[in-house]
Amino acid sequence: MYALPLQSFDLETLALVRQASEALSVLLGLAIAYIAYRGYRRNGSRPMLFVAAGFALVLGVPALLTVALYVLLSVPLPVVNALAQACELLGLGAILYGLWTPGAS
Amino acid sequence: MSGEPDAGEVADLLADDCARQILVETKAAARSAAELSDRTGVSEPTVYRRLERLREHDLVSEELRPVPDGRNYRVYRAELDGIEFDLDTDGFSVAVARSERMADRFTRFVEEM
């Protein structure tokens, strides 16, 4: 057994990397939502509307809520987290509904 | 897609100036029939007739543009990268090269689940 050299493990850098990756996953989520929305517009496919809304709710809205409510309006964190979680659940439900409901064609 | 396109019909369609111009004008961006009429200097009814024929061969796609508090209108987009005519002992056949867009692939993926 040997101890992990904690000093060489820069926690601040780790936090920064984590924040950056969080921002990246929001951007990727919104990109997928946009592609799904284009699919809805181009093919008139209603399921794609739910998939688009779902991705936006799972990955985009919680981040926006956190920034808007916690950082700007200083709403208590547990409340913000609960709202974000509700958005994620709603979003996953929307994606599942989009996959389940039959398409137009 | 409506199966193998007929080589004669596609050649006939491409021989038409207006149809070719429509394809060129809708290659980079989706355009409405009114815009196409402006750009090609051809009357709107003629543009609509050409669009109808192009759509029959899936060379052009139609998309609804929703307008808040207004009448929705349709825009058209070229759906091909190239057309190849091949000659063999059975005659000519046509192959249309298309770039399936990411949004279409995603739609197919979702709808086939």
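This is a predicted model: local features need pLDDT of at least 70, side-chain atom pairs count only at pLDDT 80 or more; totals for chains, interfaces and linings use all residues.
Q: Which residue does A:Arg18 form a salt bridge with?
A: The general idea comes first. Side chains of opposite charge can pair when their charged atoms come close. Here the partner is A:Glu22, and the closest N and O atoms are 3.5 Å apart. Both residues sit in helix α1 of chain A, four residues apart, which is about one turn of the helix. A:Glu22 is partly exposed, at a relative accessible area of 42%.

Q: How many salt bridges are there over all chains?
A: The count comes to eleven. One of them pairs B:Arg31 with B:Glu25, with 4.0 Å between the closest N and O atoms. B:Arg31 is buried, since its relative accessible area is 15% and the label applies under 20%.

Q: What parts of chain B does the pair B:Asp81 and B:Lys27 tie together?
A: Start with the contact itself: the closest N and O atoms of this salt bridge are 2.8 Å apart. B:Asp81 lies in the loop between β3 (73-78) and β4 (82-88), while B:Lys27 belongs to helix α2 (residues 17-28), so the bridge ties together parts that are 54 residues apart in sequence. B:Asp81 is partly exposed at 48% relative accessible area, and B:Lys27 also counts as partly exposed, at 39%.

Q: Which residues do salt bridges that share partners join into one network?
A: Look at A:Arg38, A:Arg41 and B:Glu63.

Q: Now the rings. How many aromatic pairs does a search of the whole structure find?
A: Three, over all chains. In one, the ring centres of A:Tyr37 and A:Tyr40 are 6.0 Å apart with the planes at 45°, so the pair is tilted. In general, a pair of aromatic rings is described by the distance of the centres and the angle of the planes. Both tyrosines lie in helix α1 (residues 11-43) of chain A, three residues apart. A:Tyr37 is partly exposed at 32% relative accessible area, and A:Tyr40 is partly exposed at 26%.

Q: What about A:Tyr97 and A:Trp100: what angle lies between the planes?
A: It's 50°, with 5.7 Å centre to centre, and the pair is tilted. The two are three residues apart in helix α3 (residues 77-100) of chain A, about one helical turn. A:Tyr97 is partly exposed at 30%, whereas A:Trp100 counts as exposed at 67%. Ring pairs also link A:Phe50 with A:Tyr97 and A:Trp100 into a cluster.

How values were computed
Residues are numbered from 1 along each chain as its sequence is written. Chains are lettered from A and ligands numbered from 1 in the order in which they are written. Side-chain values use heavy atoms; hydrogens and water are left out. Rings of Phe, Tyr and Trp (its six-membered ring) pair if their centres lie within 6.5 Å; planes under 30 degrees apart count as stacked, over 60 as edge-to-face and the rest as tilted. Buried means under 20% relative accessible area, exposed over 50%, partly exposed in between (1.4 Å probe, protein chains only). A salt bridge is a side-chain nitrogen of Lys or Arg within 4 Å of a carboxyl oxygen of Asp or Glu.
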